[in-house]
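Please walk through the structure below with the following notes at hand. They begin at a turn, move on to the core, and end with the confidence of the model.

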Amino acid sequence: MASKGKQAAASGKDATPTNPRGIPYAPFVDKVEDYVSSREDVEPTLRSFQEMIAKYQFMEQNLQRRVIGLKEKLPDIQKTLDTVQFLKAKRSEEDPVETTFELNDTLYAKAEVPPTDEVYLWLGANVMLAYPINEAEELLESKLKAAKTSLANCEEDLDFLREQVTTMEVAVARVYNWDVVQKRKDKEEEEKKKGKKGIKGDENDSPNG
């Protein structure tokens, strides 16, 4: 029995619709009664919806940081690729290329770069490797393409997450409004009951003719 229950739960999770990166869609609350059957269900339902909003917002913050990192990274990759392609185009020339290179933020030095078939690329974590110039170009082109794709996916996911947060906020408002209406109905019913009791009491107290 327990294994069947786990299988059912797993299949239920698998059935949850998601976007292409696996972020689940927020439930659209069309009828509050599908989620809340009594006023006792209101508080746990609202708590569950608020937790979902918090999860979406957490994912949104992580994606925003990733977008910032990618936008900083893309110009560096493009600049490095342009340099490699420039050196590749100058391989057939005998004269060295005169250039300046950056020593720090405000200090540059002049240099002569002879024709070369090899370049050194920073891979991160203080690691630099030598690559044949053609392989370096292919590597940088693939990294640039991957970074652009990742940035587009992140921006698409951010739009998706904002939509899900809005959907959940609407759901919270609908459940809250449903609770307000139910409170009003309960209050009216109590007042009617009190009124009926008062009428019966007056009838019992009246003298017999």
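This is a predicted model: local features need pLDDT of at least 70, side-chain atom pairs count only at pLDDT 80 or more; totals for chains, interfaces and linings use all residues.

A125 has a positive phi near 55 degrees; this residue belongs to the hairpin of β3 and β4, in which two residues lie between the strands. Six bridges join β3 to strand β4, residues 127-132, and the pairing is antiparallel.

Beyond its neighbours within four places in sequence, V119 contacts V84, L87, L129, A130, Y131, I133 and A136. V119 is also one of the residues that touch the most other members of the largest nonpolar core, along with F49, Y56, V84, L121 and V175. That core has 37 residues. At least two of its residues come from each of α2 (42-89), β3 (118-124) and α3 (133-205). The largest share is that of α3, which supplies 16 residues.

Across the protein chain the mean pLDDT is 86, and 86% of the residues score at least 70. Where in the protein chain is confidence lowest, and where is it highest? The lowest value belongs to helix α1, residues 2-14, with a mean of 42, while the highest belongs to α2, with 95. Over residues 1-13 the pLDDT stays under 50, and the model shows zero contacts beyond four places in sequence for these residues.

Notes. Residues are numbered from 1 along each chain as its sequence is written. Side-chain values use heavy atoms; hydrogens and water are left out. A nonpolar core is a set of buried Ala, Val, Leu, Ile, Met, Phe, Trp, Tyr and Cys residues joined through side-chain atoms within 4.5 Å. Buried means under 20% relative accessible area, exposed over 50%, partly exposed in between (1.4 Å probe, protein chains only). Helices (H or I, at least four residues) and strands (E, at least two) are DSSP runs, numbered from the N terminus. Contact means heavy atoms within 4.5 Å. Two strands pair if DSSP finds at least two bridges between them. pLDDT is the predictor's confidence in each residue, from 0 to 100.
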